[in-house]
Amino acid sequence: LQDDDECLSIRDSLKWRLGKGKSVCEKARKAVATASKKGWGASCLTTTTSQGDLVYGIRAGQINDVELMKALHQDVDSMVDFFLFIKEVNMLLANQQSLRTDRLVSVLTANDLTGIKLIGSDSNFRSALTKSSHEANPLYPNLSGPTLLLNLPRFLGAATKLFTPFIPASVKQKLRFENGPLSNVKSLTEVAVGGSGRHQFLKDLDKLVY
């Protein structure tokens with residue numbers, strides 16, 4: 001491989017998959033194989049958009065990060081591995097969808113922030129989020145579509161509108177703020193195929209993304 005940026009990125013990704021990240025990738029493959037037979041859980045959800053891309057839905061406001069990190073004995077690296085596991089699972093699903101549709105599929109993230117705490121969140125959990133993001137970006141360069149931060153608390157929503165004009169265009173393409181989508185959905189399963197909230201959710205996504 002030549003030493004240009006893309007080749008170096010591929011080389012680093014292969015090195016991670018054969019070394020430090022090998023167990024993460026193996027667990028992801030097993031999870032996809034199992035879920036394909038038995039179905040997925042509902043604490044988070046990956047489903048298709050109207051255009052054939054994937055959307056990973058999660059509700060950050062329902063995550064008890066303090067108790068979660070207590071259960072992990074404040075092990076930041078274990079939390080990082082879990083976040084990378086999610087990325088790997090979504091990459092495998094995106095690859096399957098790409099083969100089925102004969103187009104390169106990306107993964108959007110829809111993060112519903114309804115009820116999220118502004119004070120009292122766990123610092124180690126935040127560290128794991130930051131670290132996993134830095135590790136994932138070079139490992140999955142062609143996977144990530146835009147991240148939708150939905151239903152921010154009123155104070156954050158007002159601050160976002162104030163500073164949005166100063167956000168670089170490249171960041172705006174990857175990060176969107178919006179109220180409405182998922183706000184009236186009790187369970188994420190409602191936006192899965194056949195769910196009662198799917199039609200409205202896809203309609204909202206089309207306005208935001210396509």
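Residues are numbered from 1 along each chain as its sequence is written, and side-chain values use heavy atoms, with hydrogens and water left out. Because the model is predicted, local features need pLDDT of at least 70 and side-chain atom pairs count only at pLDDT 80 or more, whereas totals for chains, interfaces and linings use all residues.

The protein contains eight helices and five strands, taken as DSSP runs numbered from the N terminus (helices: H or I, at least four residues; strands: E, at least two). Their order from the N terminus is α-α-β-β-α-α-β-α-β-α-α-β-α. Of its 210 residues, 38% are buried, where buried means under 20% relative accessible area, exposed over 50% and partly exposed in between, with a 1.4 Å probe and protein chains only. Among contacts (heavy atoms within 4.5 Å) with a separation of 6 or more, 79% join residues 24 or more positions apart.

Helix 8 covers residues 198-209. Its 12 residues reach 16 Å from the first C-alpha to the last, close to the expected 16 Å; the expected span is 1.5 Å times one less than the number of residues. Its buried residues are Arg198, Phe201, Leu202, Asp204, Leu205, Leu208 and Val209. These lie on the same side of helix 8 because they cover an arc of only 160° around the axis, the arc being that of the directions from the helix axis to the C-beta atoms. The face turned away from this buried side carries the exposed residues His199 and Lys207. The cover over the buried residues of helix 8 includes strand 1, strand 2, strand 3 (107-112), strand 4 (144-150) and strand 5 (175-178).

Within helix 8, leucine 202 has a relative accessible area of 14% and is therefore buried. Beyond its neighbours within four places in sequence, leucine 202 contacts Thr48, Thr49 and Ser50. Leucine 202 and threonine 49 are 153 residues apart in sequence, yet 6.2 Å apart in space, C-alpha to C-alpha.

Phe201 of helix 8 also lines the largest cavity, together with Leu45, Thr47, Val55, Gly57, Leu182, Leu188 and Val191. A cavity is a set of points, on a 1 Å grid over the protein atoms alone, where a 1.4 Å probe fits but cannot get out; lining residues have an atom within 4 Å of a point. The largest cavity holds about 30 Å³, the volume being the space filled by probe spheres set on the points, which are joined across faces, edges and corners. Strand 1 (44-48) and strand 2 (54-59) each supply at least two lining residues. The lining comprises six nonpolar, two polar and no charged residues; Ala, Val, Leu, Ile, Met, Phe, Trp, Tyr, Cys and Pro count as nonpolar, Asp, Glu, Lys and Arg as charged, and the others, Gly among them, as polar.

Key
On a 1 Å grid over the protein atoms alone, a cavity is a set of points where a 1.4 Å probe fits but cannot get out, and a pocket is an open set with protein on both sides within 12 Å along at least five of seven lines; lining residues have an atom within 4 Å of a point.
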